[in-house]
Number of protein chains: 2
Amino acid sequence: MKKNALYAQSGGVTAVINATAGALILEAKKSNKIGKVFAAKNGILGALREDLIDTSKESNNSLLSLRYRPGGIFGSCRFKLKDLETSEKEYRRLIEVFKAHNIGYFFYNGGNDSADTAFKVSQISKKLKYPIQCIAIPKTVDNDLAITDCCPGFGSAAKYIATSIQEASLDVQSMSETSTKVFIMEVMGRHAGWMAASSALARKNKGDAPHIILLPEITFNQKEFLSLVKKTVSDKGFCVVVVSEGVKNSKGKFLSESNTKDAFGHAQLGGVAPYIAELISTKLKLKNHWAVSDYLQRSASHIASKVDLAHAEAVGSHAIKYALAGMNGVMPIIVRTKSSKYKWKIEPAPLSKIANLEKKLPKSFITKNGMGVTAKALDYLNPLIQGESNPPFKNGIPDLKEFKLVPVQKKLTTWR
Amino acid sequence: MKKNALYAQSGGVTAVINATAGALILEAKKSNKIGKVFAAKNGILGALREDLIDTSKESNNSLLSLRYRPGGIFGSCRFKLKDLETSEKEYRRLIEVFKAHNIGYFFYNGGNDSADTAFKVSQISKKLKYPIQCIAIPKTVDNDLAITDCCPGFGSAAKYIATSIQEASLDVQSMSETSTKVFIMEVMGRHAGWMAASSALARKNKGDAPHIILLPEITFNQKEFLSLVKKTVSDKGFCVVVVSEGVKNSKGKFLSESNTKDAFGHAQLGGVAPYIAELISTKLKLKNHWAVSDYLQRSASHIASKVDLAHAEAVGSHAIKYALAGMNGVMPIIVRTKSSKYKWKIEPAPLSKIANLEKKLPKSFITKNGMGVTAKALDYLNPLIQGESNPPFKNGIPDLKEFKLVPVQKKLTTWR
């Protein structure tokens, strides 16, 4: 009897995580070697609760449409399993659920935390004597997973950011004589500046916006920052600043959390863009505007990158191939092959080398003044936003297909 | 000798104001009855300073590419001319510039302030004895001009907002069990709620996000708002709120400006989304996220509405037709013809009926509880976001053509 598979999404979703899900399910069908693909409702929580969705009830058309659907169609969650000793109950429950539903393959689609969980599940086979193959599948707009050249989800967020900055900069520039002089856009990236860096892709010519990029890798230097804003406004008439949510001050505190009562007489509500804006208003007396794109940047499948989408689908289908080849405890990663034109392939990498690691912007990607990115960074980033993948629209907005999301009948007692 | 024309952009730019400029210039060329079309650099300021751009130096390809270019290619400004008596100097200077460059047609592309200025310029002919025909051309993401059915620029902003809310809502929904419960998006619209209302177009089925829309037409009722947020989270697991920047409290103060020291112990930096977010954190203890799209929403030509683009081009080309038909002091407006399918045409309307008026959301467009919009509103809004006008991309971002922007040689003494 063919083994069934379980697929779960984990952590923050992306514009293309559903593309991975769709490709995985369709590849499993095509292989004819896997029974059913169940999806855990709301991530690992669904696996523990035996809240499973029978994806075989969805039409191929619906599954194909996942390519264009942001969010996580089966639900995701923030819930971390600890090590096998501390969380033995949870791991034993997972095995119960796997057994009850004849699950031989577990696919966990997430970031570095999830790679860690997947790594632990992959060890169950030996330690708790249940034959399960566990494959982690990369996903994160943060682009901070180790070993893989990039992470599915990042390229689309990067394309959104570059396009938005290009557009907003043209707006600001045209009004700058009598209106806004400084525009600030806050982007995600709590620990790594990949998303902020990608805004530099908006430049067509040297000196184009964005003029300043504040990265979480570099401690905020207020004096140098304000001086560069002033100089840019004086030289170009306006200044566009991209700031990562994770930028910290010299005391190691997030700017968005810093108590600014001393400086401005009142405290922050959070958000680093309004913090920077207030700084510019107070210290430079320059009219400014700010934007915080928040979830918009990681769910903008209407401007997804075709390359990113191809990555997302490839890691999904390769996860199935690796499982059928008998692999366990690996992740399909994206490898950039050395050639003048951008080329890539998928290879398996051991989870032990990925779990819990965080890849930050290398020093060589950051300009000397710490407020911009180098040509080397652009060479790396540029291929990842190539190509447009326009979703089908209906009635003026992206067309969302209906999903049945049929629950699998439970066989076990309620968990907790 | 053929008269030349002067075109100027005014006030906040939109995703399609350049489309109007391109259509106007190309129509003037085609007519063969107008000499050159000059563009004022940075709006009316350029006209006063004799800072003119010779658009005849641009290739037809560049002019056609304006269809896809956000911002204002010739620059815009916030600068209001007062009445003829108070600002006689300025009006006399305008005439000087018109005379020096043989300008017989003045096209002013803006909102209600600009319609007022254009109306005054249209009266120069009589009062100051200079034969000028002045045509105002509508433009504003605020959609608040009187008489015209809608304003070029609005439909594209509406499409951006509806699409963004659809996408972000799918993101929030998939994570809501263990993460964000309430998502708040701030949109523009200081006095009229057209943009906030358009977020309702994101709904496919009844009950879909956005669940609450806060309009500037309705005084903020904190108690009822919080109670609806709570109920929505309890019913659906999450709640999506769209809030217009112009929402006011019962004292008539913008929420974004209200001093909240009493309530939360500290004051605001501005931005109504963080205000609402803090309210939800403090009063309901619900995890929330917020976004402020700011200029992104009015410059997003990558997701422009095809219908809006067609409107923008039509008002541009009709402005030329009206000028050549001898009209003065009019605006080409968009008229919705009565039919089951959406149809529209362009007609001239007298500026006296448009200048300085502000069209707010009619009462019949707002739900009884004041926190949503009616089916009637959707019927009005829906046609305006139809169709996609994907700009050409190059190297991963929208392709921007180069413009020469050749200055016209000055003939007068420096102004001021």
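A residue is buried here if 20 or more other C-beta atoms lie within 10 Å of its own, exposed if 12 or fewer, and partly exposed in between, with C-beta atoms placed from the backbone. I noted beside this that nonpolar side chains tend to be buried together in soluble globular proteins.

**Ground rules.** The model is predicted, and I kept in mind that local features need pLDDT of at least 70 and side-chain atom pairs count only at pLDDT 80 or more, while totals for chains, interfaces and linings use all residues. Residues are numbered from 1 along each chain as its sequence is written, and chains are lettered from A and ligands numbered from 1 in the order in which they are written.

I then followed Pro210(A), which is joined to Ala209(A) by a cis peptide bond with omega about 0 degrees and sits in the loop between α8 (194-198) and β7 (212-214) of chain A. In chain B a cis peptide bond joins Ala209(B) and Pro210(B), with omega about 0 degrees, and Pro210(B) lies in the loop between α7 (194-198) and β7 (212-214). Helices (H or I, at least four residues) and strands (E, at least two) are DSSP runs, numbered from the N terminus.

**Domains of chain A.** The assignment, which is automatic or from a database, gives domain 1 as 4-153 + 301-358 + 387-398 and domain 2 as 154-299. Their centres, taken over C-alpha atoms, are 33 Å apart, and the contact takes 22 residues from domain 1 and 15 residues from domain 2.

**Chain B against chain A.** I found 65 residues of chain B in contact with 64 residues of chain A. The elements giving two or more residues to the chain B side are α6 (154-175), α10 (272-284), β9 (288-292), α11 (295-299) and β13 (397-398), and α6(B) gives the most, with 13 residues.

**A helix pair in chain B.** The axes of α1 (residues 17-31) and α12 (residues 306-324) of chain B come within 7 Å and cross at roughly 40 degrees, the axes being lines fitted to C-alpha atoms over the stretch in contact and the angles running from 0 to 180 degrees between N-to-C directions. Among the residues making the contact are Ala21(B) and Leu24(B) of α1(B) and Ala312(B) and Ile320(B) of α12(B).

**Positive phi.** Most residues other than glycine have a negative phi, and I therefore looked for exceptions. Asn32(B) has a positive phi of about 65 degrees although it is not a glycine; Asn32(B) lies in the loop between α1 and β2 (37-40) of chain B, and counts as exposed because it has 7 C-beta neighbours inside 10 Å. Lys285(B), also not a glycine, has a positive phi of about 55 degrees; Lys285(B) lies in the loop between α10 and β9 of chain B, and with 8 C-beta neighbours inside 10 Å it counts as exposed.

Methods
Contact = placed C-beta atoms within 7 Å.
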